[in-house]
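Subject: Structure handover

Hello,

Here is the structure I promised to send over. My notes follow below it.

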Amino acid sequence: MKNRFQEIREHFEKEAADFDKFFFNVMPHYEEMMQALIDALPFNRKDKLRIVDLGCGTGNLSKKLILAYPNARISCIDMAENMLKMAKSKLKGSRNVRFWQGNILDFDYREKYDCIVSSMVLHHVEGNDKPGFYRKIHNSLSKRGVFFCVDIFLSSNCHLQKLYMDKWKTFMKANGLLTRKINDMILRHQREDRPVVFEDELAIMRKAGFRYVDVILKHYNFAVYGGCV
Ligand SMILES: C[S@@+](CC[C@H](N)C(=O)[O-])C[C@H]1O[C@@H](n2cnc3c(N)ncnc32)[C@H](O)[C@@H]1O
């Protein structure tokens, strides 16, 4: 029997070629949220940053990072070979980009990085794995290091949780997705994803040692957040 990890990987392997076309219609404020993450980074344009993009997918966030920090060295990590292929093609010609195929939980975090980012990936990580994962990330950041992330969360309030799901469905419908497709999406989200209550995620980060943990932007269940070493 396939484990969850294999199932998730398989679906991204299949979707890679159409991911960009599809994702902009499914993820509300995707562009704005990635930009908010970039704007939150406390660095100078010319800095020679060491950056990691966890679950880089087709390279949308890494592309923005390269434009914002042309001297940075970026490590793009993803478990799906086909997503990495798309990223390689999108980032072709960029100097200082490395790719690593594998699970972000198994990445060798021994090097020091100035900036670790992630967009729409950590909801795939099981809640039990989160404390250790955040500690690893915290330990691998340099003295000026930061971690920023875009992701989907639950509300602890049932009424708000229902509202968030309704708003999400309305967004997808407005972007032309048929009701059947929307229902499939939501079912897959419930089966494959492991979002947690947002406050709990921030508490885990703080417990792992992160300081100045803050929420940069929140649109219903989607949020941009992060913290410093
Ligand atoms: C929804 S896509 C987001 C891609 C990209 N970050 C973006 O914002 O466009 C999720 C990506 O995370 C990758 N992924 C999910 N869980 C992972 C894990 N445990 N290790 C490595 N990659 C993972 C998937 O293969 C997929 O490419």
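Helix 1 gives the most to the shell around the ligand, supplying three residues. This is a predicted model: local features need pLDDT of at least 70, side-chain atom pairs count only at pLDDT 80 or more, and totals for chains, interfaces and linings use all residues. Residues are numbered from 1 along each chain as its sequence is written. Helices (H or I, at least four residues) and strands (E, at least two) are DSSP runs, numbered from the N terminus.

The ligand

The ligand is surrounded by 19 residues. A residue counts here if its C-beta atom, placed from the backbone, lies within 6 Å of the molecule. The closest are Gly55, Gly57, Met79, Ala80 and Ser119. Helix 1 (4-15) and helix 4 (60-68) each bring at least two residues to the shell. By class, the shell has eleven nonpolar, six polar and two charged residues. Ala, Val, Leu, Ile, Met, Phe, Trp, Tyr, Cys and Pro count as nonpolar; Asp, Glu, Lys and Arg as charged; the others, Gly among them, as polar.

The helix pair

The axes of helix 6 (residues 130-139) and helix 9 (residues 198-207) come within 9 Å and cross at roughly 50°. Axes are lines fitted to C-alpha atoms, for helices over the stretch in contact, and angles run from 0 to 180 degrees between N-to-C directions. Lys130, Pro131 and Tyr134 of helix 6 make the contact with Ile204, Met205 and Lys207 of helix 9. Contact means C-beta atoms, placed from the backbone, within 7 Å. Four of these residues are nonpolar, none polar and two charged.

Seven strands form an open, mixed sheet in the order 3-2-1-4-5-7-6. Strands pair if DSSP finds at least two bridges between them. Strand 3 (97-101) and strand 6 (211-219) are the edges; each has a single partner strand, so one side of each lacks a neighbour in the sheet. The twist averages 15° from one strand to the next. Strand 4 (residues 113-119) and strand 5 (residues 141-152) pair in the parallel sense over six bridges. Tyr113 has Leu141 of strand 5 as its bridge partner.

Best wishes

Notes
Contact = placed C-beta atoms within 7 Å.
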